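My notes follow in the order in which I made them.

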Amino acid sequence: GPADPLPPYLTDPGSELIQAAKASISQVTGKSPRLVCGVSEADDNVIAFRTGLPVICMGPGERGNKARYHQPEESIGISQLGDASRVYCATALRLAE
């Protein structure tokens with residue numbers, strides 16, 4: 001039913017998806033991304049479970065005291081939107097090669 005917990009998933013760090021995302025993040029930002037394993041229930045759980053495809057969750061956001069994930073007035077800096085868009089596009093292009 002609707003209250004059932006979503007099954008967990010773990011995407012292989014060596015997967016084509018993660019490698020493409022890491023390369024794109026490095027290319028766009030000049031920084032090496034940090035891989036983390038989180039505990040949450042979200043749409044990515046449903047996609048991973050129903051399709052069996054590798055799934056990642058990535059996006060812009062603040063760290064530390066500035067982080068406002070899933071809180072009232074959740075936000076990111078407008079300056080982060082351009083880089084995020086370029087990372088998503090570069091990742092999609094790498095995967096399409």
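I call a residue buried under 20% relative accessible area, exposed over 50%, and partly exposed in between, with a 1.4 Å probe and protein chains only. By that scale L95 is partly exposed, because its relative accessible area is 34%. L95 lies in helix α3.

**Ground rules.** This is a predicted model, in which local features need pLDDT of at least 70, side-chain atom pairs count only at pLDDT 80 or more, and totals for chains, interfaces and linings use all residues. Residues are numbered from 1 along each chain as its sequence is written, and side-chain values use heavy atoms, with hydrogens and water left out.

**Confidence.** I looked up pLDDT, the predictor's confidence in each residue, from 0 to 100. The protein has a mean of 87, and 97% of its residues reach 70 or more. Where pLDDT is low, the predicted coordinates should not be read in detail.

**Layout.** I took helices (H or I, at least four residues) and strands (E, at least two) as DSSP runs, numbered from the N terminus. The protein has 3 helices and 0 strands, in the order α-α-α from the N terminus on. Along the principal axes, the C-alpha atoms fill a box of roughly 45 × 40 × 20 Å. Of the 97 residues, 18% count as buried.

**Helix α3.** I checked its length against an expected span of 1.5 Å times one less than the number of residues. The 18 residues of α3 should span 26 Å, and the end C-alpha atoms are 27 Å apart, which agrees. Which residues of α3 are buried? They are Q80, A84, V87, A90 and T91.

**Helix α2.** I repeated the check here and found D44, N45 and A48 buried. Their arc is 105° seen down the axis of α2, so they too line one face of the helix. D43 and R50 are exposed on the other side. Just after α2, G52 takes a positive phi of about 75°.

L95 and V39 are 56 residues apart along the chain, and their C-alpha atoms are separated by 26 Å. L6 sits in the segment before α1 and is partly exposed, with a relative accessible area of 30%. From L6 to R94, 88 residues along the chain, the C-alpha separation is 30 Å.

**Largest pocket.** On a 1 Å grid over the protein atoms alone, a cavity is a set of points where a 1.4 Å probe fits but cannot get out, and a pocket is an open set with protein on both sides within 12 Å along at least five of seven lines; lining residues have an atom within 4 Å of a point. Grid points are joined across faces, edges and corners, and a volume is the space filled by probe spheres set on the points. The largest pocket has a volume of about 1,900 Å³. I count 46 lining residues, with R34, V36, C57, M58 and G59 nearest the centre of the pocket. The elements giving two or more residues to this lining are α1, α2 and α3 (79-96), and α3 gives the largest share, 6 residues.

Methods:
Arc of directions from axis to C-beta.
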